[in-house]
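Visitor: I am new to reading structures, and I would like to learn how to look at one step by step. Could you guide me?

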There are 2 protein chains.
Amino acid sequence: MTAVSDDRTIAEDDDLVRALAAPDDAEIAGLHAWWRANNYLTIGQIYLQANPLLREPLAPEHIKPRLLGHWGTSPGLSFIYAHVSRLIRRTGQRAVYLAGPGHGGPALVAAGYLEGTYSEIYPPVSQDEPGMLRLFRQFSAPGGIPSHVSVTTPGSIHEGGELGYVLVHAFGAVMDNPDLLAVTVVGDGEAETGPLEGSWKGISFLNPARDGAVLPVLHLNGAKIAGPTVLARKDPEEVRALLHGHGYQVIEVEGGDLPGMHQRFAAALAQAWGRIRAIQAAARGGSAGEDGSVGGGRPRWPLIVLRSPKGWTGPERVDGVQVTGTWRAHQVPLSGVRDNPDHLALLEEWLRSYRPEELFDSSGAPVPLIRDQAPAGELRMSAAPSANGGVLTRDLDLPDYRDYAVEVAAPARSRAESTRRLGELLRDVYARNPDTFRLFCPDETNSNRLGAVFETSDRAFMERVTDGDVAIGPDGRVMEVLSEHNCHGWLEGYTLTGRHGMFATYEAFAMVSASQTVQHGKWLQEAKNLDWRAKVPSLNILLTSTAWRNDHNGFSHQGPGLIQVVLTQRGDVARVYLPPDANTLLSVADHCLRSRSYVNLIVIDKQPQLQWLTMDEAVEHCARGAGIWEWAGTDDGSSDPDIVLACAGDVVTMETVAAAQILRERLSGLRVRVVNVVDLMTLIRPKDHPHGMSGTLFTELFTDTVDVVFAFHGYPGAIHQLVHGRPDADRFRVRGFIEQGTTTTPFDMTVRNRASRYHLVMDTINNARRLPRGATDLYAWCEAQLARHETYVVEHLEDMPEVRDWSLGDWAGRG
Amino acid sequence: MTAVSDDRTIAEDDDLVRALAAPDDAEIAGLHAWWRANNYLTIGQIYLQANPLLREPLAPEHIKPRLLGHWGTSPGLSFIYAHVSRLIRRTGQRAVYLAGPGHGGPALVAAGYLEGTYSEIYPPVSQDEPGMLRLFRQFSAPGGIPSHVSVTTPGSIHEGGELGYVLVHAFGAVMDNPDLLAVTVVGDGEAETGPLEGSWKGISFLNPARDGAVLPVLHLNGAKIAGPTVLARKDPEEVRALLHGHGYQVIEVEGGDLPGMHQRFAAALAQAWGRIRAIQAAARGGSAGEDGSVGGGRPRWPLIVLRSPKGWTGPERVDGVQVTGTWRAHQVPLSGVRDNPDHLALLEEWLRSYRPEELFDSSGAPVPLIRDQAPAGELRMSAAPSANGGVLTRDLDLPDYRDYAVEVAAPARSRAESTRRLGELLRDVYARNPDTFRLFCPDETNSNRLGAVFETSDRAFMERVTDGDVAIGPDGRVMEVLSEHNCHGWLEGYTLTGRHGMFATYEAFAMVSASQTVQHGKWLQEAKNLDWRAKVPSLNILLTSTAWRNDHNGFSHQGPGLIQVVLTQRGDVARVYLPPDANTLLSVADHCLRSRSYVNLIVIDKQPQLQWLTMDEAVEHCARGAGIWEWAGTDDGSSDPDIVLACAGDVVTMETVAAAQILRERLSGLRVRVVNVVDLMTLIRPKDHPHGMSGTLFTELFTDTVDVVFAFHGYPGAIHQLVHGRPDADRFRVRGFIEQGTTTTPFDMTVRNRASRYHLVMDTINNARRLPRGATDLYAWCEAQLARHETYVVEHLEDMPEVRDWSLGDWAGRG
């Protein structure tokens, strides 16, 4: 049971809540001044390229040539920010701020600037007139910063680009982070997305004893880009019911009146915070009250619904048309400022309405009243260490992965479920790292053979648990929810705040969250350009239940598309591993769990599969990333072979070695080299990827001229693009998944996709430099085998014994 | 205003509802017999390979060698199906059935079999003992059918593979389908996914006057694969609040008792149907009542929550452990049947509990009581024409797309927003096809310059509309919702039921629904194997706001990943078009709107862009798919050029022609050929794609040996994989989007990704076969231009005038 983060009593908390709920006039004046300053800086970013403090009358040449940015949501975001800052100052609460309406970027940048953080990180953007001008000019400008909250924004762990993930990021951030409060603004546009609607249920997995709290603020300002939103136009009673149904206590604040809104929002925030503290106190004190019970049900966490006008405090009407409160306030409410004197005058009036001369001193620095609104040091949300999670990251305490090795007396003699060994490793990772590692999986931990983790931890679940349930409850830390979006997003939030994890999922359905993989990859790529962003644990994705072994599921479950997606990322983040067996998987997993700021994709099936390498061999093989399996081939190395059989992926590796065996036994004299690739990125030229093998090494493996029959786990196009630019790349004949699938046997899948051992032998005969006698007969034999297969599988509903039970036995050249 | 679909009065409907709500004993006996038969066939499919009618005692050899399938959800699905069939028989209601818990495949297959549809479509699976045996053996077997509802299942428009889309498919199916009822079962596992949670709000866009109805049945059977679900374990009061908040009238049925459940479910279904009829009658009669108002708010549509045991009627306990009602019933409750005599006995007892001898006659055919439960002909849900929408598909009435042409006096002299012309075309498509065409777009129709459609149709919206709103209301048929999942899924449902449409979205965020694109592509691929499935209108996806012109949005908005995704689909469905200007776009769009059963991806930016081709030229260029732009090059065609500059995509086409101009002006004597590609698939070898150009044609365009500098809209790897296998493919030097992005100017984007005109010139100098004098100077000049750009853009916040305002002017070799 974690202790409460400070030593205030509940009674003292209650006093604090009462004080917070009723700000006095001085407090409101401070809040309001800070908000005015933020709004002023927001508008300045959108419009001004000179005259930042309005020391002279506004003139067309002070206006940027292109007006880009988003005003509409900004004042709401800064309003909330101001109030949360006050809460932090009064209570010492650690908090991060996640802005779902990401296009309120200028408001969050302005917040960091007013708090001093921005200038600490970007010294040229100093708290004076020249710095303010830089602040304005960099916004939505070449070489500058985007109009949404991004990696460059201090205090952010949430890119305001693709909408839908703000709550999953928040929930991930507070898991195992008991002292942290994630204030999470959900825009009513974003609230229409599927991923967002699917993420309210995070509280069903959040344990107040051990995790921090998410305070969602559903900001209904009524409109998105071009029209009204569903939630803004629903009867408020329905909105309340919906959020109550999701499990929240709904606190509503509505209006545009001032200072009334300051008073009402302060009261709402105080109420919410008081309730969070009560829930946590009850849970952490071990007493199971109505709010804080961790055994008998999920607490009813607070949530604020804020209804405020879109473009609040901006120009009410422009050219006779209502702007504030409508979608017209979304971007730039006055668009013709450079050419239209009326618009210019309106803009000046608008800017001066905030009375900048009261907010910034003669040097351009915020006046003391503004500075005083900021919490101290790391309590400033723009400086929160959790929002730069790399600074908090500790290495995992990892067991020696060699201890989980499968015994391999000789290659391809015995079978094992490779992921089961990984599950045992992960079990012990859980045990050694009780608050810095989690596994995320859509209901398939056992199915994926990772169930050993349940020896250490249950599934997390805050809803009702019944007698028959197994390995599930509030104390669990294995995250199972039937939503790839939740799993992926939680892991992102967890790693961005400095902790480690893995997302394990069915290969085909990894495409559900492919867009999140892309966006997180972009975050990591962008972060590498920023010295101040410390590296965070990698996003580890394990794909099991692959295209080749989805026996009873069929075509919709067969799709290795995520490999293609990860290949589009830059070399400084993207990693794809295809370990062929348990020992290589263990080595790869260990490497990934130690790594930082990558997207690591690991693909391996969960079914019993042949084991190839001893642990020592696996370690060496993985260190190289690709290598010749001499024992599998008939190539003596004295000169180029007649054919190279290459493979990447477990099932196709088996087919490749089986093909090599057939060739050895039936086409004596043919020199066959077998190459296995674990680290797919080794194939790329080194100038395009740091793992890319040198030209020399590439030639050592693949020669410069011999044809390569390459059996690949994924779509053949992936290999085509990877080897482009390598010597005579046309000689790579790739077999892989070509969208031929159905409910069928494992071997039949390789036949349908023309990647079976017989197809590989026929490819060899078609492409080898030199063919011993007997090749024509062997080709015909392969065709006959395939014909036999066709009839056998339909008759017997299973594979022919010689392929079903195939192993190398005593055949191999070693052992 | 559409009329109600039959001429019953509301009073007659009321009588019907009362009768439906109280089935007499004979009706219940019939319902129950059909359900028993269905359950028997379901279990037979999972277990039996012989002895289908249990004519002899069950023996191990009657059991399949591999037991695959899903029992848990099946009895619930067939229970609902039986009751809806009764509703149809009594009312003549047209209905389709969508099974969200897709792994209840055997129940839906059994339903089609009992209704006779299955045998009509697959004659060998006849309604007799041999047919029943085939039914059993084909299930989850090689060459057979999958264990989930799939394309092969009669009556299905929803693949039960990837979860989350059942409601979006249902809503799409009933749009402009006033007589159709989509009974839509949502499993509590699926209900945890983001896309499903985001799809309840379909009723906010459904107009009862013009659209049909969706009746969701939320089936809470308590568990998914390995544990409980959130909704099943929430307080029922919360579930009610949640669904009420989504806007539904919640009708609950709970239990496992029989015949009580038959009576209660019949009453619930009657109540729901009565309410739907009342809503529709009110809306269609033009009277705005509480339930049917189309002006004053959304009707409160009914929804049934069904709580029944998982694995209902199956073995209660196995090996001393509770199975029914738990996750253990999810797949195969008795797994050791072949080896474990106790399990075998239990299975026999279970099968015989349905008294098959009463259900099937001596030939093995369903007895008359069972047959009588099926509605007649096309009213059988397994035979619903809407579930084989190709049979209902009519060609669109399309205007002549040439009428929307942009005047092009000469290439690259004038600019236009190309998508604006498409918007005008779509406006008239709307007008000519008032109930068979819709545009789906996440809130960006205007932003994407397609706003002309609003001259014909508003946005659809059933929530409150206020005075300031523009082009939005219940009569609207343009579908805007800030959810790619909804847009994509609605369009799928709309096209699978035989109507036409287009999904227009931001390029980067098309990845949000990439998995739907993949799954729908798989549906179309699979459907092509089935003669009885008529071709449906294509899934047309228009990507605008592309990576190259997301000026103020930045890196998170820059990603051409969907091209990679579509390239993984088979050639018989995948199409990718990159029209460079308005006239080519119009030609491509016309082609796509006429096509069937493809995934058509069209990529073009929305910003003002240079126009290249007259309409006549565009038509010819699009017909070829790729061609030489002789006027842009300096290649006289007499022999191979020194370099080929190829391009695909609007922005890179501009850079390519600009590069050709620089080369012409500054490197006299160099023979440059310019090739533009509109239809990306022409690059593939014809054996891999029907659009693939012949080797001869490929050589005519690209030669066999000359280096090709290829400027591509998307990731370079796409071209690498497409040209693999073409003569000397290594000579293709591809420039494209290499994940270099930020908020910056349009030209700076091409510089950062090394695809600017200057980079293309430098690439030419590096790779041309033959270089005239002056190449070194030109290379240095390009470097100097790039250096100038660097300083200019930071200083002026915009591009250098010579690139910003670049056009060919009078330069071009023609016009």
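Visitor: What rotation superposes chain A on chain B, and with how much shift along its axis?

Guide: Please keep in mind that this is a predicted model. Chain A is superposed on chain B by a rotation of 180°, with 0.0 Å of shift along the axis and an RMSD of 0.0 Å. The two copies are therefore related as by a two-fold rotation axis. The same surface serves both copies, since 98% of the contact residues of chain A recur in chain B.

Visitor: How many residues does the contact take from chain A and from chain B?

Guide: Residues are counted as in contact when their C-beta atoms, placed from the backbone, lie within 7 Å. Here the contact takes 105 residues from chain A and 103 residues from chain B. On the side of chain A that touches chain B, at least two residues each come from several helices, including α10 (236-246), α17 (514-527) and α26 (775-796). Sorted by class, this side of chain A has 48 polar, 31 nonpolar and 26 charged residues.

Visitor: Into which domains is chain A divided?

Guide: Chain A is divided into domain 1 (10-392), domain 2 (401-609) and domain 3 (643-804). The C-alpha centres of domain 2 and domain 3 of chain A lie 28 Å apart, and their contact takes 28 residues from domain 2 and 27 residues from domain 3.

Visitor: Which elements of domain 2 of chain A each supply at least two residues of the side that touches domain 3 of chain A?

Guide: They are α18 (561-567), β15 (574-577) and α19 (582-594) of chain A. By class, that side of domain 2 of chain A has 15 nonpolar, 8 polar and 5 charged residues.

Definitions and conventions. Residues are numbered from 1 along each chain as its sequence is written. Chains are lettered from A and ligands numbered from 1 in the order in which they are written. This is a predicted model: local features need pLDDT of at least 70, side-chain atom pairs count only at pLDDT 80 or more; totals for chains, interfaces and linings use all residues. Domain bounds come from an automatic or database domain assignment. Two residues are in contact if their C-beta atoms, placed from the backbone, lie within 7 Å. Helices (H or I, at least four residues) and strands (E, at least two) are DSSP runs, numbered from the N terminus. Ala, Val, Leu, Ile, Met, Phe, Trp, Tyr, Cys and Pro count as nonpolar, Asp, Glu, Lys and Arg as charged, and the others, Gly among them, as polar. Copies are superposed by least squares on the C-alpha atoms of residues with pLDDT of at least 70 in both.
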